[in-house]
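Please take a moment with the sequence and the model below. We will then walk through the fold together, one region at a time.

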Amino acid sequence: RSVRVRVPATSANLGPGFDALGVACTLYNEMTLTLTHEKGLHISARGEGAAYIPGDERNIVWKSIQYLLQRADRAEEFQGAKIRMNNRIPLSRGLGSSATAIVAGLTAANAIVGSPFSRDDLLQLATDIEGHPDNVAPAIFGGFTVNTVTNGHVECFSFLPRIFMRFVVMVPDFYLSTKSAREVLPSEVPMKDAVFNVSHAAMMVAALARGSEKHLGNAFEDALHQNYRASLIPGMFDVFAAAKKAGAYGAVLSGAGPCLIAFAPEHRKCTEEVAAAMQEAFLAHDVKARPLHLR
Ligand code: HSE
């Protein structure tokens, strides 16, 4: 039996919500999965990053499929697979491409074995594999997501904001692995920085849920991760400032980067200006970046 799934790109953190907030975007990877009783893997990929996607046992989609089959006690039955991917999400750029691969594998395999797992279960399995929940949560539930991890148990609340926004994503022409972007973070932070982020993350969720534009102005500020990561993305804070000046509510590092994402009010119709300003600010630091206009 074959199943076809479509999974969105995601942006995690949204500034102050490190490992806690995320949003799904209108850019999708597609995958068709056929599970076979015989051993053997046939993996084909086209589109973004196709040349870098392993066609063997190391493939993250396949690993996720196996993880689900083991949990469902069906691994003996299905020993091989045919996986066809059509990718549009830039690889290793902070738009959740690995979360997309994990969620695609889990969701498709779950459907083939008769959906024994709920979306909440899939969130738990996906987080086990990915290590942090804030990309897999919006990839599974859509919309804006708030997630918590309590004693290893992941919970997610998803909602559609009452403020209509456009996303302007700048994709720099270099890769940055989440692993190296997490290595630069300290293991402890000052209490005042923790308080800063708790208050700003809460303000953002409240402003989005109630549709209060005026409370969104400072809500994208962060003290927990972006300062430490700034050295990995030349010109990052200048690009944020340029986006804001051109009319965006704010701009932040998308996930662990290197993509930067600006949130622009739909009614201001300023996305072209925001994109141009961000691109120019990047260029001043010798970084070439291309824009993606998403919602
Ligand atoms: N919250 C994660 C991080 C997201 O910032 O490392 C990675 O995409």
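This is a predicted model: local features need pLDDT of at least 70, side-chain atom pairs count only at pLDDT 80 or more; totals for chains, interfaces and linings use all residues.

Let us turn to what the UniProt record says. Its unreviewed entry places the feature "domain: GHMP kinase N-terminal" at residues 59-143. In the model, that span is 54% helix and 9% strand, and its end C-alpha atoms lie 27 Å apart. The unreviewed entry also carries a "binding site" annotation, which covers Pro90, Leu91, Ser92, Arg93, Gly94, Leu95, Gly96, Ser97, Ser98, Ala99 and Thr100.

Three of these residues are worth a visit. Pro90 sits in the loop between strand 4 (80-87) and helix 2 (97-112). Is Pro90 buried or exposed? Pro90 counts as buried because 22 C-beta neighbours fall inside 10 Å, and the threshold for that label is 20 or more. Setting aside neighbours within four places in sequence, Pro90 is in contact with Glu48, Leu95, Ser97 and Val171. Ser92 is found in the loop between strand 4 and helix 2, and its phi is near 55°, a positive value in a residue other than glycine. With 16 other C-beta atoms within 10 Å, Ser92 is partly exposed. Ala99, in turn, lies in helix 2. Ala99 has 32 C-beta neighbours inside 10 Å, so it counts as buried. Residues up to four places away in sequence not counted, Ala99 touches Thr10, Glu130, Asn135, Val136 and Ala139.

Now look for the open sheet of four strands, whose order is 8-9-7-10 with antiparallel pairing. Its edges are strand 8 (250-253) and strand 10 (289-294), each of which pairs on one side only. From one strand to the next, the twist averages 20°. Strand 8 and strand 9 (residues 260-265) run antiparallel and are joined by four bridges; here Gly250 stands opposite Phe263 in strand 9. Helix 8 (residues 236-245) packs on the sheet, where it touches strand 7 (165-172), strand 8 and strand 9, and its direction makes about 155° with that of strand 8. Helix 9 (residues 271-283) lies across strand 7, strand 9 and strand 10, running at about 25° to strand 7.

In the loop between strand 8 and strand 9 you will find Pro258, joined to Gly257 by a cis peptide bond with omega of about 5°. In the loop between strand 9 and helix 9 lies Lys269, with phi near 45°, a positive value in a residue other than glycine. Lys269 is exposed, as 11 other C-beta atoms lie within 10 Å.

Our last stop is Met203, in helix 6 (residues 191-210). Met203 has 19 C-beta neighbours inside 10 Å and therefore counts as partly exposed. Beyond four places in sequence, Met203 is in contact with His215 and Ala219. Met203 and His215 are twelve residues apart in sequence, with a C-alpha to C-alpha separation of 7.0 Å.

Note on methods: Residues are numbered from 1 along each chain as its sequence is written. UniProt positions are given in the numbering used here, feature names are shortened, and annotations may be inferred rather than shown by experiment. Helices (H or I, at least four residues) and strands (E, at least two) are DSSP runs, numbered from the N terminus. A residue is buried if 20 or more other C-beta atoms lie within 10 Å of its own, exposed if 12 or fewer, and partly exposed in between; C-beta atoms are placed from the backbone. Two residues are in contact if their C-beta atoms, placed from the backbone, lie within 7 Å. Two strands pair if DSSP finds at least two bridges between them. Axes are lines fitted to C-alpha atoms, for helices over the stretch in contact, and angles run from 0 to 180 degrees between N-to-C directions.
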